[in-house]
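Subject: Structure for you to look at

Hello,

Here is the structure I said I would pass on. Please open it beside this email, as the notes below follow on from it.

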Amino acid sequence: ILGGYEARPHLRPYMASLQLDGQHVCGGFLIAEQWVLSAAHCTEGTNGQLFQVLLGAHSLTEPEPHKRLYRVRAQIAHPGSNIHNNRDDLLLLQLEEKAELNAHVKVLPFQREDRDVEADTMCEAAGWGTVTHSGRRPDKLQQVERPVISRELCNHRTRHDQTITEKMMCTDSRKKDTCKGDSGGPLVCNGVAEGVVTAGSRVCGNYKKPAIYTRIAPYAAWIDGVMASAAG
Ligand SMILES: NCc1cccc(NC(=O)c2cccc3[nH]c(C(N)=O)cc23)c1
């Protein structure tokens, strides 16, 4: 997160850190007791290695009550996701067991009504992604408030030039923005997860490249289907 600040500890008990060999790679969030939603691009370069999912954390390194690392039983990328574009950039992770829910570990509801969030709506992104252009990584969860911008503005030829589909949304990226390692985290508007951070053009903090999110509502049926088929 660029231009943000340290989150109030455990005020976002749905936040997950997707890790490989104890290293934070991407964000994610708890959508059900045994399921975390993140971004398919996060599996790039992991050559099929399964993540471990850290829940209940504020600091990535310090011991904290209710902080717990979960093994992953299955990782399901959306069938439409690919490395060449940002379409269908969603990843479902089934934990080896149901997460123990408590004050520090909670499920975040996601938007099921497929309607655009109005431009200028203030939303929040959080993550352990880089906090400087030089790539400094924070130990503690960061957050930033960003206004939604219209798809029309986001698709302007000087911005993302017609690549933003109706299954994506954008926020202003002037100075304050999501960045490397924030991918997979939720964009929360009025307490509901409306989007999932995607790296998009990978640029951070440049107003000419607004932040891109995969809207969740269009994928509610896919998400429900995967969770139902793996249940039991
Ligand atoms: N503000 C939009 C936004 C949101 C989330 C992430 C990012 N930027 C990256 O993720 C990124 C940036 C730079 C080099 C990178 N290399 C890789 C990689 N996977 O090798 C990713 C990146 C940008």
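By class, which residues make up the shell around the ligand? The shell has five nonpolar, three polar and three charged residues. Please keep in mind that this is a predicted model.

The residues that surround the ligand are Asp177, Thr178, Cys179, Lys180, Ser183, Val197, Thr198, Ala199, Arg202, Val203 and Cys204. As for its place in the protein, the ligand sits in the largest pocket.

The ligand taken alone exposes 500 Å², and the protein buries 72% of that.

Now the salt bridges. The structure holds 14 of them. One of these pairs Asp114 with Arg215, with 2.7 Å between the closest N and O atoms. Asp114 lies in the loop between β7 (91–95) and β8 (122–127), while Arg215 is in strand β13 (residues 211–215), so this pair ties together parts that are 101 residues apart in sequence.

Regards

Definitions and conventions
Residues are numbered from 1 along each chain as its sequence is written. This is a predicted model: local features need pLDDT of at least 70, side-chain atom pairs count only at pLDDT 80 or more; totals for chains, interfaces and linings use all residues. Side-chain values use heavy atoms; hydrogens and water are left out. A residue is near a molecule or strand if one of its heavy atoms lies within 4 Å of it. Accessible areas come from the Shrake-Rupley method with a 1.4 Å probe; for residues, only the protein chains shown count as cover. On a 1 Å grid over the protein atoms alone, a cavity is a set of points where a 1.4 Å probe fits but cannot get out, and a pocket is an open set with protein on both sides within 12 Å along at least five of seven lines; lining residues have an atom within 4 Å of a point. A molecule sits in a cavity or pocket if more than half of its atoms lie within 2 Å of its grid points. Ala, Val, Leu, Ile, Met, Phe, Trp, Tyr, Cys and Pro count as nonpolar, Asp, Glu, Lys and Arg as charged, and the others, Gly among them, as polar. A salt bridge is a side-chain nitrogen of Lys or Arg within 4 Å of a carboxyl oxygen of Asp or Glu. Helices (H or I, at least four residues) and strands (E, at least two) are DSSP runs, numbered from the N terminus.
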